[in-house]
Protein chains: 2
Amino acid sequence: MKLIEGGICASKGFKAAGVHCGIRKNKTKKDLSLIYSQKRARAAAVYTKNLVKGAPLRVTQKHLSDGYAQAVICNSGNANTCNANGIEIAETMSKVCADELGLDPNDIVVASTGVIGLPLDIEPIANAIPTLSKALSEDGCSDAAEGIMTTDTIQKEVAVEFELNGKTCHIGGIAKGSGMIHPNMATMLVFMTSDVNISNVMLQKALSGDIQNTFNMISIDGDTSTNDMVVILANGMAENDEITEDGEDFKIFMKALNTVSVQLCRLIAGDGEGATKLLECKVENASDENVAKTVAKSVICSSLLKAAMFGADANWGRVLCAIGYSGADLDIDKIDLSFKSSKGEIAVCKNGAGVDFSEEKAKEILLENEIEIVVNLNSGAASSTAWGCDLTYDYVRINGDYRT
Amino acid sequence: MKLIEGGICASKGFKAAGVHCGIRKNKTKKDLSLIYSQKRARAAAVYTKNLVKGAPLRVTQKHLSDGYAQAVICNSGNANTCNANGIEIAETMSKVCADELGLDPNDIVVASTGVIGLPLDIEPIANAIPTLSKALSEDGCSDAAEGIMTTDTIQKEVAVEFELNGKTCHIGGIAKGSGMIHPNMATMLVFMTSDVNISNVMLQKALSGDIQNTFNMISIDGDTSTNDMVVILANGMAENDEITEDGEDFKIFMKALNTVSVQLCRLIAGDGEGATKLLECKVENASDENVAKTVAKSVICSSLLKAAMFGADANWGRVLCAIGYSGADLDIDKIDLSFKSSKGEIAVCKNGAGVDFSEEKAKEILLENEIEIVVNLNSGAASSTAWGCDLTYDYVRINGDYRT
C-alpha cells in the first residue's frame with residue numbers, strides 16, 4: 001500500500017470540480033464543489049448524532065436509503081440548517097445537479113457547511129451548476145477540496161493505492177473541518193471515493209468500523225456539528241472480485257481506508273481553528289479499548305491542557321487531571337506520562353506522581369508543531385489514539401466574530 | 001432574609017485571617033488562610049468526583065468522618081496533589097494548626113489549591129501559623145478570601161441574615177475558583193460558616209441538595225479539578241431550636257444556603273479565567289429538571305458560544321447546536337431562544353428556526369457584562385440555570401503559561 005497524489009480522483013472513474021458561485025463574499029474562495037463517478041457507485045455514510053440535523057444531511061440520508069449514489073454536491077459558507085425551507089433548498093440543489101448530469105436526484109449526495117440559521121439562496125448555486133459540471137476533471141480534486149473549506153487554512157486530500165487479487169485499487173478522500181469538531185459516532189464533512197468492488201453491506205461495515213478509531217477520535221473544540229457526515233462512494237471500476245464478506249480482501253480494504261482516514265484526521269486536527277500544533281494523545285496498556293478511548297478523548301478535549309500546549313508548558317498535572325475526570329475506571333497510581341516530538345521524548349510523571357525533569361528539554365520538545373502526549377496506564381494491552389490541537393488566541397479571534 | 005457584610009465572619013463565633021507565608025513569589029499576595037469557630041461545629045462537605053483526589057481532600061475526608069470540625073486551614077499556590085508525600089504534608093499542616101489553636105487535628109479541615117504535581121514545602125506554612133492564629137479576627141473574612149485565591153481577580157465573599165424561631169441566624173461563605181472549573185457532583189473550594197443549630201444529617205442533606213442547583217451548574221472550562229470541595233461548619237451559636245428534620249425551619253435554612261451559594265456561583269463564573277462577561281443560561285419549560293440541567297450545562301460549556309459572547313456576536317445557531325448535542329431528549333422544533341441583559345431582551349429563534357432581528361440591538365445587549373441566554377423548550381414546567389463565562393484571549397494567555 002502506498003500514499004499517492006490525486007485525492008478523490010485517484011480512484012478510477014471519478015472526476016471533481018470546485019468553483020466560486022457567490023455564497024461567500026470573497027470571490028477568490030471557491031464555495032461549491034462537485035464529485036462525479038462515471039459509474040453509479042455503492043454508497044455508505046455516517047451522520048452526526050446531534051439532534052439538530054442539517055437539512056442537506058436529512059435529504060442525503062433519504063437519497064442513500066437504496067445504497068447507491070453517483071455524485072456529491074456541496075457548498076460552503078452556509079450550513080442550510082435551522083432555517084425555514086432548508087429541505088426544499090437541499091432537494092432543489094440535488095434536482096438541478098441531477099438534471100445537469102443526467103442522473104436521478106436520488107443518486108445525489110447533498111451537503112452544506114457554514115453558518116447555521118440563515119436562509120440559503122439557491123440562485124447562485126443553480127446558476128453555477130452548469131459551469132461546475134463542465135469543469136469536472138480528473139485533476140479537479142484540489143478545487144473540490146477548496147470548495148468545501150470554511151475556516152480551514154489548508155486543503156485536505158489523501159489517496160492510497162493497493163492491490164486486491166491482482167487488481168490495482170484506490171481509496172481517496174477530501175475533508176473539511178476546522179471548528180465545531182467533536183464527532184460523536186459520525187464526523188465532520190468527509191467525502192471518500194474508491195474504485196473497489198465491494199457490497200453495500202461490507203462498505204457500510206468498513207466505514208462504520210473505521211470511524212470509531214479515526215474521525216470519532218478527533219476533537220477541536222468539543223462542539224459536535226449539526227452537519228457532520230462521512231460518505232464513501234465505491235464504483236467497482238477496479239474490477240476486483242466483489243468483497244462480500246469478512247476475509248483477507250476486506251482486511252486490506254479496511255487497512256487502506258484506515259490509512260486515508262488517519263491522514264485526514266491528522267490534517268483536520270492540525271488545522272483546527274487557530275491551531276498552531278497538532279496534538280496526538282496515545283494511550284497505551286489500558287485494561288480495555290473503551291478505557292483507552294475515553295482517556296485519550298478526555299485529554300485531547302481539556303481546554304487547560306490545550307492552552308498549556310500552546311504555551312509549550314509541560315503542565316502534566318492537567319493531563320492527569322483530565323484522565324481523572326474522564327469517567328474511565330482506572331488506577332491513577334499506575335500512570336506514567338511523557339511528552340514526545342521530533343525533538344525527543346521526556347518522562348514527566350511516574351506511578352501517578354511527578355518526576356524530576358529538565359524544563360529546558362521539555363520546552364524544546366513542546367515548541368514543535370506535532371506533539372505526542374503518551375499515557376501509559378500499565379494495566380493491560382489495549383491502546384487508542386486521539387487527535388486534537390492547541391487552544392490559541394486565534395481560536396478566540398476567529399470565533400468571537402465568525403458571523404459578522 | 002437579607003444580604004449582609006462580613007462573609008464567613010457574619011456567623012456568630014467565627015473568626016478568620018489570611019497572611020502571605022511564602023508559597024507564592026509575589027509577597028503582596030496572601031497565600032495562607034485560617035477560619036476558626038469559637039465552638040466545635042457540625043461539618044458537612046462534598047468533594048470532587050475526579051479520580052485524582054488531592055491529598056488535603058483525602059485528609060479532610062478522614063477528619064470529617066465524625067461530623068465535626070472547628071477550623072479550616074487552606075493555602076494557595078500549590079495544590080499538594082500528585083506528589084510523593086502529599087498526605088504527610090496535609091497531616092502535618094493539620095497538626096501544626098491544631099497545636100497552635102489547642103484543638104484535636106481531627107477537627108481541622110485542610111485544603112490546598114494551585115499547581116498540581118509539585119512538592120509542597122511545609123516550612124513556610126508551619127512558620128506562619130502562629131502569626132496567622134494571632135491575626136484571627138471578626139473582620140478577617142477579606143484576608144481569608146484573598147489567601148485562597150489563585151488566578152481569581154476578585155475576592156468572593158457573601159453573607160445572609162435570617163430568622164429561625166425568633167433567633168437571628170447567619171450563613172456566610174467564601175470561595176476561590178477561576179480555572180479548572182466544571183464541578184461534577186461537588187465543586188471548587190468553598191468554605192461556609194453558619195451559627196445555625198442543625199443536626200449533622202440535616203446539614204449534609206442541605207449541602208448535598210443545594211450544590212445540585214448551584215455549584216454543580218457552573219462551568220468555566222469543562223475541566224473538573226482534583227481539589228474541589230465545599231465545606232460548611234455550623235456551630236449552633238444562634239441558639240435556634242436544633243433542626244433535626246424536614247419542615248419549615250429546614251426550608252428557611254435551605255433558602256438562605258441557596259442565596260449564599262447562588263451569589264458565590266455568580267461571582268465565580270463572572271471571574272472565570274480571562275472572562276469579560278458572566279453568562280447565565282436559563283432553561284425554561286423543560287419536560288423535566290434533568291433535561292433542563294443538561295441543556296443549561298451544555299450551552300454554558302460550548303467553546304464556540306463562549307467565544308461568540310466574547311465578540312458580542314448573536315450567533316444563536318451555536319446555542320441550538322449545543323442543545324442538540326447535549327444528550328437531552330427534546331423536540332428541537334419547539335425551541336425559542338433569546339438573549340437578555342440590562343439593555344433589554346431580543347428573540348433570535350422561534351420553533352427551532354431563526355427569526356429576523358436587529359443585529360444592532362443584539363450587539364447593544366451583548367456588549368453588557370452580564371448576559372442571559374434564555375432557552376424556552378415549550379415542553380413542560382421544569383427549569384434550571386447554569387453559570388459560565390466567555391472565552392477570551394486572556395484565558396489562553398493565563399493558561400498558556402500558568403506554571404512557568
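Predicted model: local features only at pLDDT ≥ 70, side-chain atom pairs only at ≥ 80, totals over all residues.
**Note on the interface of chain A and chain B**

1. Between chain A and chain B, twelve residue pairs are in polar contact, with both residues at pLDDT 80 or more. A polar contact is a pair of N or O atoms within 3.5 Å; within protein, one must be able to donate a hydrogen and the other to accept it, and residues adjacent in sequence count only if both atoms are side-chain atoms.

2. Residues are numbered from 1 along each chain as its sequence is written, chains are lettered from A in the order in which they are written, and side-chain values use heavy atoms, without hydrogens and water.

3. About 4,100 Å² is buried between chain A and chain B (accessible area, 1.4 Å probe, lost on being put together, summed over both). Carbon and sulfur atoms give 60% of that area.

4. The contact (heavy atoms within 4.5 Å) takes 53 residues from chain A and 53 residues from chain B.

5. How is chain A superposed on chain B? A rotation of 180° does it, with 0.0 Å of shift along the axis and an RMSD of 0.0 Å (least squares on C-alpha atoms of residues with pLDDT of at least 70 in both). The two copies are therefore related as by a two-fold rotation axis. In chain A, the C-alpha nearest the axis belongs to Y393(A), 2.5 Å from it.

Terms used: Buried area = accessible area lost by both parts, 1.4 Å probe.
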